[in-house]
Amino acid sequence: MTMNEQSHEAWGEPFFGTASAVQSFDMGELLLLAYDLGDMINQSAEVAEYLYWKHVVEQDQEVQVLAKRFAKAKEAFGETERFGRFHPDYHAAKDKVKEIQRELDAMEAVSRFKAAEQTLDELLHEIATQVAGSISDTIKVPGNERAGGGCGSGGSCSCGSGGCG
């Protein structure tokens, strides 16, 4: 049975009967189902892949050195960002951040880690959507898109913001 089928079986329609009337539920049973769902997620191939590449990135000295350089460059850019493009070093600092980000992205361990992270993020979003939908069609699940843009727009910058170790 796939994880999707298992989660549907566990969460299918726990709160609504055939007449769509709200049924009572046991909070203990609900918590057990939630723990079971958490266990299924933790045992998934997506989590295994994510944890594997996270470990590889954390152990890769070249990635760690570059991530530290990236963090310093991002900090320097943050200082110039207060004044925006009028700061004399703004463009150079922004370009340095982008250059190091490209170097990080070109590394196999980092690119595979980011892909595994994205896959896991999509799985978790799908699960959240199914859980919310099993309760009500009107419950909103936050979008799966990351806020902001890249380093230049003040958004998250992967490795330097903790994503790569």
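User: How many residues does the protein chain have, and what percentage count as buried?
Analyst: The protein chain has 165 residues, and 28% of them count as buried. Keep in mind that this is a predicted model.

User: What's in it, helices or strands?
Analyst: Six helices and zero strands. Along the sequence the pattern reads α-α-α-α-α-α.

User: What is the mean pLDDT of the chain?
Analyst: The mean is 82. Of the residues, 72% reach 70 or more.

User: Where is confidence lowest, and where is it highest?
Analyst: It is lowest in helix α1, residues 3–11, with a mean of 50. It is highest in α3, at 98. Also look at residues 147–162, where the pLDDT is below 50. In the model, that stretch has 35 contacts beyond near neighbours in sequence.

User: On contacts, what share comes from residues 24 or more positions apart?
Analyst: They account for 64% of the chain's contacts with a separation of 6 or more.

User: Let's do α5. How many residues does α5 have, and how far does it reach?
Analyst: Helix α5 covers residues 90–106, so count 17 residues. From first C-alpha to last it reaches 24 Å, close to the 24 Å expected at 1.5 Å a residue.

User: Which residues of α5 are buried?
Analyst: Tyr-90, Ala-93, Val-97, Ile-100, Gln-101 and Leu-104. They sit on the same side of α5, because they cover an arc of only 110° around the axis.

User: What do those buried residues pack against?
Analyst: Two other helices: α4 (61–81) and α6 (108–135).

User: And which exposed residues are on the face turned away?
Analyst: That face of α5 carries Ala-92, Arg-102 and Ala-106.

User: New topic. How many aromatic pairs does a search of the whole structure find?
Analyst: Three. One of them is Tyr-50 with Phe-113, a tilted pair. The centres are 5.4 Å apart, and the planes make an angle of 35°.

User: Which helices do Tyr-50 and Phe-113 lie in?
Analyst: Tyr-50 is in α3 and Phe-113 is in α6. The two are 63 residues apart in sequence, so the pair ties those parts together.

User: Is Tyr-50 buried or exposed?
Analyst: Buried, because its relative accessibility is 18% and the cut-off is under 20%. Phe-113 is buried as well, with a relative accessible area of 2%.

User: What about the rings of Phe-77 and Tyr-90, how far apart are their centres?
Analyst: The centres are 5.3 Å apart. The planes are at 40°, so this pair is tilted. It links distant parts of the chain, with Phe-77 in α4 and Tyr-90 in α5, 13 residues apart. Phe-77 and Tyr-90 are both buried.

User: Back to α6. What span should its 28 residues have?
Analyst: They should span 40 Å at 1.5 Å a residue. The end C-alpha atoms are 41 Å apart, which agrees.

User: Which residues of α6 are buried?
Analyst: Ala-109, Val-110, Phe-113, Ala-116, Leu-120, Leu-123, Ile-127, Ala-132 and Ser-134. Phe-113 is the partner of Tyr-50 in the aromatic pair.

User: Last one. Where does Ser-44 lie?
Analyst: In the loop between α2 (27–42) and α3 (45–59).

User: Is Ser-44 buried or exposed?
Analyst: Ser-44 is buried, with a relative accessible area of 6%.

User: What does its side chain reach?
Analyst: The side chain of Ser-44 reaches the backbone nitrogen of Val-47, at 3.2 Å.

Conventions:
Residues are numbered from 1 along each chain as its sequence is written. This is a predicted model: local features need pLDDT of at least 70, side-chain atom pairs count only at pLDDT 80 or more; totals for chains, interfaces and linings use all residues. Side-chain values use heavy atoms; hydrogens and water are left out. Helices (H or I, at least four residues) and strands (E, at least two) are DSSP runs, numbered from the N terminus. The expected span of a helix is 1.5 Å times one less than its number of residues. Buried means under 20% relative accessible area, exposed over 50%, partly exposed in between (1.4 Å probe, protein chains only). The arc is that of the directions from the helix axis to the C-beta atoms. Contact means heavy atoms within 4.5 Å. A polar contact is a pair of N or O atoms within 3.5 Å; within protein, one must be able to donate a hydrogen and the other to accept it, and residues adjacent in sequence count only if both atoms are side-chain atoms. pLDDT is the predictor's confidence in each residue, from 0 to 100. Rings of Phe, Tyr and Trp (its six-membered ring) pair if their centres lie within 6.5 Å; planes under 30 degrees apart count as stacked, over 60 as edge-to-face and the rest as tilted.
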